[in-house]
Amino acid sequence: SNDGKNFTDVHNNGFLDELSESEIANKGYFSDCHLVYDNTKDRLVLVYRLTDYDYELDYPREHVLLISKWTYDGKNWSDREILANLDKNDSIGWVVVSPAIIREKSMYNMWYVSSYNAPYSVSFSSSSDLKDWTKKKDCILSGRKVEPWHIDCIKDSGKYLLVVYEFSNELTLWESDDGLNFTFRKVLLPLAEGMRLVSAASAAELPFQPASTFYHSLGYVKH
């Protein structure tokens, strides 16, 4: 797309990634994808999660992989590559929900929701190759009680802007100078009665307009 509104399908070779027969049998699924531009190699990197379950145990155990594919043209993509096995990763932890990644200088900086249960938290880690991650640091979000579920993060004019989809079904904006200490700025989308967000918004800096644009999907629930 050249305007962010009208899109043309450039991938004509089927799905970008498909579950294997064993992954389908284990009720596997993909989730939480994020695109990051690698300016050093002039390519797009897609980072996403693969979850499946081990049913040979007395109770199903969840296995989660952080995986990636990359492309130079948006049409031809690399094979799937495992970035982290969250069952065995002591650096970023075993919960990585909604990773948001910014390429800064020679590093990939990643923010993510790092808990399935309250208290919910946003954590930060960095890597030079998307595989070896620094020990995670918990971010501080001040100025409002928040229960984050999905997030996105961009850097604009030297400030880190964090968009949070909260369990309250509101979309909020947070700001930070260092990427670790965030201050609440505003509610971006207070939801109307009977409506909720299905997935978190993605904040993107687009070249065709000065403001950031938020992409999101909406779902409707009956009361």
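Is Ser 127 buried or exposed, and what is its relative accessible area? The legends below describe close-up views of a predicted model, and they begin with this residue.

View A. Ser 127 belongs to strand S7, which covers residues 122-127. With a relative accessible area of 1%, Ser 127 is buried, because the cut-off for that class is under 20%. When neighbours within four places in sequence are left aside, the residues in contact with Ser 127 are Met 107, Tyr 108, Asp 132 and Trp 133.

**View B. Polar atoms around the side chain of Ser 127.** A polar atom of the Ser 127 side chain lies 2.8 Å from the backbone nitrogen of Leu 130. For the backbone nitrogen of Lys 131, the distance to a polar atom of the side chain of Ser 127 is 3.4 Å.

**View C. The open sheet of five strands.** Strands of this open sheet follow the order S9-S13-S12-S11-S10, and their pairing is mixed. Strand S9 (140-142) and strand S10 (148-156) each have a single partner strand and stand at the edges, so one side of each is left without a neighbour in the sheet. From one strand to the next, the twist averages 35°.

**View D. The pairing of strands S12 and S13.** In general, strands of a sheet pair through backbone hydrogen bonds, in either a parallel or an antiparallel manner. Here, strand S12 (residues 171-176) and strand S13 (residues 181-189) run antiparallel and are joined by five bridges. Within this view, Glu 175 can be found opposite Thr 183, a residue of S13.

Definitions and conventions: Residues are numbered from 1 along each chain as its sequence is written. This is a predicted model: local features need pLDDT of at least 70, side-chain atom pairs count only at pLDDT 80 or more; totals for chains, interfaces and linings use all residues. Side-chain values use heavy atoms; hydrogens and water are left out. Two strands pair if DSSP finds at least two bridges between them. Helices (H or I, at least four residues) and strands (E, at least two) are DSSP runs, numbered from the N terminus. Axes are lines fitted to C-alpha atoms, for helices over the stretch in contact, and angles run from 0 to 180 degrees between N-to-C directions. Buried means under 20% relative accessible area, exposed over 50%, partly exposed in between (1.4 Å probe, protein chains only). A polar contact is a pair of N or O atoms within 3.5 Å; within protein, one must be able to donate a hydrogen and the other to accept it, and residues adjacent in sequence count only if both atoms are side-chain atoms. Contact means heavy atoms within 4.5 Å.
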